[in-house]
Amino acid sequence: MEKTEKYELLVAQVKSLIEGEDNAVGVMANVAALIHSTMNFWWTGFYIVRNDELQLGPFQGPVACYRIGLGKGVCGTAWQRNETIVVPDVEQFPGHIACSSESRSEIVVPIRDSRGEPCAVLDIDSRELNTFDDTDSHYLEQIAAAIAPTIANGRA
Ligand code: SME
(Lines give C-alpha, C1' and ligand atoms only; values in the text may rest on other atoms or scores of the structure.)
Protein backbone atom coordinates (compact mmCIF):
# COMPACT_ATOMS: atom_id res chain seq x y z
CA MET A 1 0.00 0.00 0.00
CA GLU A 2 1.22 3.53 -0.78
CA LYS A 3 2.13 5.78 2.14
CA THR A 4 -0.76 8.12 1.28
CA GLU A 5 -3.28 5.26 1.36
CA LYS A 6 -1.90 4.00 4.67
CA TYR A 7 -2.25 7.46 6.17
CA GLU A 8 -5.79 7.95 4.81
CA LEU A 9 -6.81 4.76 6.57
CA LEU A 10 -4.84 5.67 9.70
CA VAL A 11 -6.51 9.09 10.06
CA ALA A 12 -9.95 7.47 9.76
CA GLN A 13 -8.99 4.81 12.32
CA VAL A 14 -7.68 7.42 14.77
CA LYS A 15 -10.93 9.39 14.52
CA SER A 16 -13.06 6.34 15.25
CA LEU A 17 -10.68 5.11 17.98
CA ILE A 18 -10.95 8.33 20.00
CA GLU A 19 -14.62 9.10 19.47
CA GLY A 20 -16.43 9.86 22.73
CA GLU A 21 -13.34 9.20 24.89
CA ASP A 22 -12.13 11.87 27.34
CA ASN A 23 -9.25 9.91 28.91
CA ALA A 24 -6.28 11.88 27.57
CA VAL A 25 -3.62 9.36 28.63
CA GLY A 26 -5.61 6.47 27.17
CA VAL A 27 -6.10 8.32 23.88
CA MET A 28 -2.39 9.16 23.61
CA ALA A 29 -1.46 5.55 24.42
CA ASN A 30 -3.84 4.09 21.84
CA VAL A 31 -2.96 6.61 19.14
CA ALA A 32 0.78 6.00 19.69
CA ALA A 33 0.18 2.24 19.42
CA LEU A 34 -1.92 2.60 16.26
CA ILE A 35 0.51 4.91 14.43
CA HIS A 36 3.51 2.82 15.52
CA SER A 37 2.16 -0.53 14.41
CA THR A 38 0.61 0.77 11.16
CA MET A 39 3.68 2.68 9.97
CA ASN A 40 6.44 0.53 11.49
CA PHE A 41 8.28 3.43 13.11
CA TRP A 42 11.11 3.07 15.65
CA TRP A 43 9.68 5.33 18.37
CA THR A 44 6.24 6.92 18.44
CA GLY A 45 4.99 8.94 21.37
CA PHE A 46 3.98 12.10 23.13
CA TYR A 47 5.67 14.73 25.24
CA ILE A 48 3.24 16.81 27.27
CA VAL A 49 3.70 20.49 28.22
CA ARG A 50 3.71 20.56 32.03
CA ASN A 51 5.47 22.93 34.47
CA ASP A 52 7.19 24.85 31.66
CA GLU A 53 8.85 21.76 30.19
CA LEU A 54 7.98 18.78 27.99
CA GLN A 55 7.38 15.66 30.04
CA LEU A 56 7.34 12.13 28.66
CA GLY A 57 3.87 10.79 27.89
CA PRO A 58 2.57 7.52 26.44
CA PHE A 59 4.77 6.00 23.75
CA GLN A 60 5.77 2.85 21.87
CA GLY A 61 9.43 1.93 21.42
CA PRO A 62 12.62 2.05 23.49
CA VAL A 63 12.82 3.96 26.79
CA ALA A 64 13.16 7.72 26.39
CA CYS A 65 14.20 10.80 28.36
CA TYR A 66 11.65 12.18 30.83
CA ARG A 67 12.04 15.92 30.36
CA ILE A 68 12.92 18.31 27.54
CA GLY A 69 13.28 22.07 27.98
CA LEU A 70 11.85 24.82 25.76
CA GLY A 71 14.01 25.14 22.66
CA LYS A 72 15.96 21.94 23.45
CA GLY A 73 16.26 19.12 20.93
CA VAL A 74 13.82 18.67 18.08
CA CYS A 75 10.84 18.40 20.45
CA GLY A 76 11.66 21.55 22.42
CA THR A 77 12.28 23.44 19.17
CA ALA A 78 8.94 22.35 17.65
CA TRP A 79 7.26 23.44 20.91
CA GLN A 80 9.03 26.83 20.91
CA ARG A 81 8.35 27.52 17.22
CA ASN A 82 4.85 26.02 17.41
CA GLU A 83 5.45 24.29 14.08
CA THR A 84 6.11 20.85 12.65
CA ILE A 85 9.80 20.00 12.25
CA VAL A 86 11.05 17.34 9.85
CA VAL A 87 14.65 16.22 10.43
CA PRO A 88 16.04 14.12 7.52
CA ASP A 89 19.27 13.34 9.43
CA VAL A 90 19.33 13.80 13.21
CA GLU A 91 23.12 14.20 13.20
CA GLN A 92 22.67 17.41 11.21
CA PHE A 93 20.21 18.93 13.72
CA PRO A 94 22.12 21.04 16.29
CA GLY A 95 21.11 20.02 19.81
CA HIS A 96 19.29 16.86 18.81
CA ILE A 97 18.64 14.73 21.92
CA ALA A 98 19.63 11.13 21.21
CA CYS A 99 17.26 9.04 23.34
CA SER A 100 18.16 6.09 21.14
CA SER A 101 21.42 5.82 19.22
CA GLU A 102 19.46 3.96 16.53
CA SER A 103 17.38 6.99 15.54
CA ARG A 104 18.36 8.48 12.17
CA SER A 105 15.47 10.76 11.20
CA GLU A 106 12.62 12.35 13.08
CA ILE A 107 9.40 14.37 12.87
CA VAL A 108 7.79 16.38 15.66
CA VAL A 109 4.26 17.79 15.35
CA PRO A 110 2.78 20.25 17.87
CA ILE A 111 -0.62 19.50 19.37
CA ARG A 112 -2.45 22.78 20.05
CA ASP A 113 -5.03 23.79 22.64
CA SER A 114 -8.07 25.94 21.81
CA ARG A 115 -5.91 29.10 21.97
CA GLY A 116 -3.51 27.65 19.40
CA GLU A 117 -0.72 27.09 21.95
CA PRO A 118 1.08 23.71 22.10
CA CYS A 119 -0.16 21.48 24.94
CA ALA A 120 1.91 18.47 23.76
CA VAL A 121 3.98 17.26 20.83
CA LEU A 122 3.80 14.05 18.81
CA ASP A 123 7.36 12.77 18.28
CA ILE A 124 8.26 10.01 15.82
CA ASP A 125 11.69 8.52 15.16
CA SER A 126 12.90 6.28 12.34
CA ARG A 127 15.95 4.05 12.10
CA GLU A 128 16.43 5.17 8.51
CA LEU A 129 17.52 8.52 7.08
CA ASN A 130 14.99 10.71 5.21
CA THR A 131 11.90 8.83 6.38
CA PHE A 132 9.62 11.84 6.77
CA ASP A 133 8.35 14.27 4.13
CA ASP A 134 5.39 16.55 3.41
CA THR A 135 3.03 13.57 3.29
CA ASP A 136 3.93 12.62 6.86
CA SER A 137 3.58 16.24 8.02
CA HIS A 138 0.22 16.59 6.31
CA TYR A 139 -1.38 13.48 7.80
CA LEU A 140 0.28 13.63 11.21
CA GLU A 141 -0.95 17.22 11.52
CA GLN A 142 -4.47 15.95 10.76
CA ILE A 143 -4.08 13.36 13.53
CA ALA A 144 -2.72 16.02 15.91
CA ALA A 145 -5.73 18.26 15.19
CA ALA A 146 -8.16 15.36 15.70
CA ILE A 147 -6.79 14.41 19.12
CA ALA A 148 -5.97 17.95 20.32
CA PRO A 149 -9.28 18.65 22.13
CA THR A 150 -9.03 15.37 24.08
CA ILE A 151 -5.43 16.04 25.10
CA ALA A 152 -6.05 19.71 25.95
CA ASN A 153 -9.27 19.13 27.91
CA GLY A 154 -9.28 15.46 28.82
CA ARG A 155 -8.64 13.78 32.15
CA ALA A 156 -4.94 13.36 32.87
N1 SME B 1 15.12 13.18 19.73
C2 SME B 1 14.21 14.00 20.51
C3 SME B 1 14.14 13.52 21.95
C4 SME B 1 13.05 12.54 22.20
S5 SME B 1 13.39 10.99 21.61
O6 SME B 1 13.56 11.04 20.17
C7 SME B 1 12.17 9.95 21.99
C8 SME B 1 14.64 15.45 20.46
O9 SME B 1 15.71 15.79 19.98
O10 SME B 1 13.85 16.28 20.93
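The lining of the largest cavity divides into 12 nonpolar, 5 polar and 4 charged residues. Here Ala, Val, Leu, Ile, Met, Phe, Trp, Tyr, Cys and Pro count as nonpolar, Asp, Glu, Lys and Arg as charged, and the others, Gly among them, as polar. The model is predicted: local features need pLDDT of at least 70, side-chain atom pairs count only at pLDDT 80 or more, and totals for chains, interfaces and linings use all residues. Residues are numbered from 1 along each chain as its sequence is written, and side-chain values use heavy atoms, with hydrogens and water left out.

A search of the whole structure finds 1 cavity of 30 Å³ or more. A cavity is a set of points, on a 1 Å grid over the protein atoms alone, where a 1.4 Å probe fits but cannot get out; lining residues have an atom within 4 Å of a point. The largest cavity holds about 160 Å³ of space. Volume means the space filled by probe spheres set on the points, which are joined across faces, edges and corners. Its lining has 21 residues. Ile97, Cys99, Glu106, Asp123 and Asp125 lie nearest the centre. Two or more lining residues come from each of β1 (43-50), α3 (73-81) and β6 (118-126). Helix α3 gives the largest share, 4 residues. Helices (H or I, at least four residues) and strands (E, at least two) are DSSP runs, numbered from the N terminus.

The largest pocket has about 240 Å³ of space. A pocket is an open set of points with protein on both sides within 12 Å along at least five of seven lines. Its lining has 3 nonpolar, 3 polar and 5 charged residues. Among them are Lys3, Lys6, Phe41, Trp42, Arg127 and Asp136.

Now turn to helix α1. Which residues of α1 are buried? Tyr7, Leu10, Val11, Val14 and Ile18 are, buried meaning under 20% relative accessible area, exposed over 50%, and partly exposed in between (1.4 Å probe, protein chains only). Seen down the axis, these residues fall within an arc of 100°, so they line one face of α1. The arc is that of the directions from the helix axis to the C-beta atoms. Their cover includes α2 (24-39) and α4 (134-153), judged by contact, heavy atoms within 4.5 Å. Gly20 follows α1, with a positive phi near 75°.

Asn30 lies in α2. Asn30 is partly exposed, at 43% relative accessible area. Its C-alpha is 8.7 Å from that of Val14, 16 residues apart along the chain.
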